[in-house]
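Please open the structure in the viewer and keep the selection tool at hand.

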Amino acid sequence: MASQLQTSCRASWWTIGVCILAAALFPGLQAQTVLVNDTVSGFIGTDVVLHCTFTNPLSNVKITQVTWQKVTNNTKQNVAIYNPAMGVSILSPYKERVTFRNPSFKDGTIQLSRLELEDEGVYICEFATFPTGNRESQLNLTVLAKPTNWMEGTTRPLIAKSGRTEKILVATCISSNGKPPSTVTWDTKLKGEAEFQEIRNSNGTITVISRYRLVPSREAHRQQLMCVVNYQLDRFTDSITLNVQYEPEVTIEGFDGNWFLNRKDVKLICKSDANPPAHTYEWKLPNGTLPGSVEIQNNTIYFKGPVSYSVAGTYICEASNAIGTRSGLVEVNVTDKPLPQGALGGIIGIVGGVIAAALILGVAVTVFIVYRRQQKDRTEADHDLIDLPPSHKPAPPPKRKQELKSHLTAEDIQVVHLDNMKHEEELQKLPLQPPYYDMAPSEPSAYTDKLNSGTKDCDVHYAELDTAALASSPSPRTSIHAGGDLVEYATIQPNLR
């Protein structure tokens, strides 16, 4: 009855009054709710729990039965029933796989064991009540299927042939019976291509197949090819190493370009890169037969005795395997005398010169950087000194002798003759200054001419006075020597102008 009222309320607007009246007659109609999971998922073979509870705040409402149903082709099929009077009933095909966890008037939760793909679908949990009618909610059950993954290489031999462009199957990666389908990729450095195929199985699962194709080549030999399958949070990998067969690639070693007369112990070695390995080697000359002094052992030809002009020529080596035959050649020249090792020495010299130049350049750059850094430090120090106040600046260097001499002239000097007693008294009054004697000859002047005349041929020297001493002493003095003997004193007073 209540269900019919709800339907009519949704069907038309003119029945709003009827709905309001029904709500007044049944105040607990909208408060009764069936709670279920929105979605439930599980893997094949596992168990899932389908929760269902009923809220019934009305004391006058009686629950008569709990029923689980599955919707199949728009029709409802009973799965499990709980009736307080009749007990629990499980219908086919769910017998022995469905159980009520705790059947009651408020809890209709069931457990579905050993999931099958056919179990997937929409399930309805319904509570039958009196007098308000049935209440129900539905949920979606999704059944997942983990795929079976494997990789297999081709049984067809991979043979590299020159001029071949056809791509052949190398490996196949399969992810079978998955639900939802897997993602298959390839991880390799090979230059091939992959093709993908999905097969939908009758039970609802999907099989993904990927095939990898390429043109066999010598470069593909021993390369790894990896298949990667991602399903949900699982990751599967498998790999193979390609075995590509190819004919020999031949090279000849042993001739160093310096075979000369009477050289001994020379030989030529035929080497081949082949899969499978070369099983036969054959030596020959294009325009004649091999010299009689040679001995062939498998892939090596030995030249017995000293080298002569007869060993010169073009030597060809043919190597064969199951795939084919390829050849290589070398031109042997014989000289009268050993060639100078200038070529090799020149190469070594060039390499050494380059290395030495690099080292010299590195040292020069280092010295330049250090010099610039020192210059920068000195410049910054000079700037710091310029910015200092006068009291913090260092004293200027003393003036040179020439500068001191330039301030004194013959007119600024007075000569006074003293007796010996005064000489000793004046010496005691002089400040203790280390004497300095200028041994360089002075330029002639009127004063020096007079002095020279008074002392005849004596070598006269003047002692230079410290300007600071001249300024501080009340009567600066100097001594005049003639031939090392003190003859007189002179009082020197600056001529302040």
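This is a predicted model: local features need pLDDT of at least 70, side-chain atom pairs count only at pLDDT 80 or more; totals for chains, interfaces and linings use all residues.

Next, select K179 and P180. The peptide bond leading from K179 to P180 is cis, and its omega is near 0°. P180 belongs to the loop that runs between β14 (168-178) and β15 (183-188).

Then move to N275 and P276, which are likewise joined by a cis peptide bond. Here omega is about 0°. P276 sits in the loop between β22 (266-275) and β23 (280-284).

The following stop concerns backbone phi angles. Select R222, which is not a glycine and yet has a positive phi of about 65°. The loop that holds R222 lies between β17 (206-214) and β18 (224-231). Is R222 buried or exposed? Its relative accessibility is 67%, and R222 therefore counts as exposed, the cut-off for that class being over 50%.

Finally, select N262. N262 is located in the loop between β21 (259-260) and β22. With a relative accessibility of 57%, N262 counts as exposed.

Note on methods: Residues are numbered from 1 along each chain as its sequence is written. Side-chain values use heavy atoms; hydrogens and water are left out. Helices (H or I, at least four residues) and strands (E, at least two) are DSSP runs, numbered from the N terminus. Buried means under 20% relative accessible area, exposed over 50%, partly exposed in between (1.4 Å probe, protein chains only).
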